[in-house]
Amino acid sequence: MENIGKIYYNDDKILIRDMRQSDAQIITDEEIAQGWQAAVDKYEMRLKHQAEGKAVSLAAEYQGNVAGYINVYPNSEWGAFAGQGYPEIVDFGVLEKYRRYGIGSKLMDTAEQIASEYSDIVYLGVGMHSGYGSAQRMYVKRGYIPDGSGVWYGDKVCGHYADCRNDDDLVLYMSKTLR
């Protein structure tokens with residue numbers, strides 16, 4: 001039997017809990033079904049990092065079905081604030097068929113609460129292409145502001161007039177003061 005783990009939030013429809021091994025394949029299959037490029041390795045890596053104490057990996061259920069995920073790295077080793085002791089929110093998603101039910105907001109609320117246990121600042125990187133449009137808007141509405149370093153590509157600042165691709169590696173880092 002799989003370990004149930006910690007429950008962070010629970011109401012009559014939404015449950016936020018530790019990610020489980022079985023979630024990795026469910027999320028991967030659902031993302032592939034909605035046309036995304038997905039691989040179970042990404043979620044298995046997050047679970048490994050959680051087991052090693054490097055991350056808190058969360059899954060959301062909506063009416064008993066796995067619906068989304070988010071990860072908090074308390075002392076992130078990459079990005080604009082790497083090695084500064086600030087938590088980073090990484091790899092956040094809600095499956096398309098479960099959007100507009102408040103799941104993303106509850107995942108973000110929970111991730112920010114966890115981050116606040118480590119620092120008064122949290123950060124994240126958001127992709128720049130239109131597939132991230134709703135996330136970009138949500139982060140601004142939640143009070144995240146760009147860090148001022150410009151866009152990053154391939155884990156480094158993309159220099160003036162440098163060539164880059166508008167893919168998942170082109171990101172803008174944003175931070176938020178939690179308290």
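Predicted model: local features only at pLDDT ≥ 70, side-chain atom pairs only at ≥ 80, totals over all residues.
Two strands count as paired here if DSSP finds at least two bridges between them, with strands (E, at least two residues) and helices (H or I, at least four) taken as DSSP runs numbered from the N terminus. Residues are numbered from 1 along each chain as its sequence is written, and side-chain values use heavy atoms, with hydrogens and water left out.

**The sheet**
- Eight strands make an open, mixed sheet, in the order β1-β2-β3-β4-β5-β6-β8-β7.
- β1 (7-10) and β7 (145-153) sit at the edges with a single partner strand each, so one side of each has no neighbour in the sheet.
- Strands β3 (residues 56-62) and β4 (residues 65-73) run antiparallel to each other, paired over seven bridges.

**Aromatic rings**
- Rings of Phe, Tyr and Trp (its six-membered ring) pair if their centres lie within 6.5 Å; planes under 30 degrees apart are stacked, over 60 edge-to-face, the rest tilted.
- That rule gives ten aromatic pairs.
- Phe92 and Tyr139 have ring centres 6.5 Å apart and planes at 45°, so they are a tilted pair.
- Phe92 is in strand β5 (residues 88-94) and Tyr139 in helix α4 (residues 133-141), so this pair ties together parts 47 residues apart in sequence.
- Ring pairs also join Phe81, Tyr86, Tyr123, Trp152 and Tyr173 into a cluster.

**Burial**
- Buried means under 20% relative accessible area, exposed over 50%, and partly exposed in between (1.4 Å probe, protein chains only).
- Tyr139 is buried at 6%.
- Arg46, found in helix α2 (residues 40-51), is buried too, at 7%.
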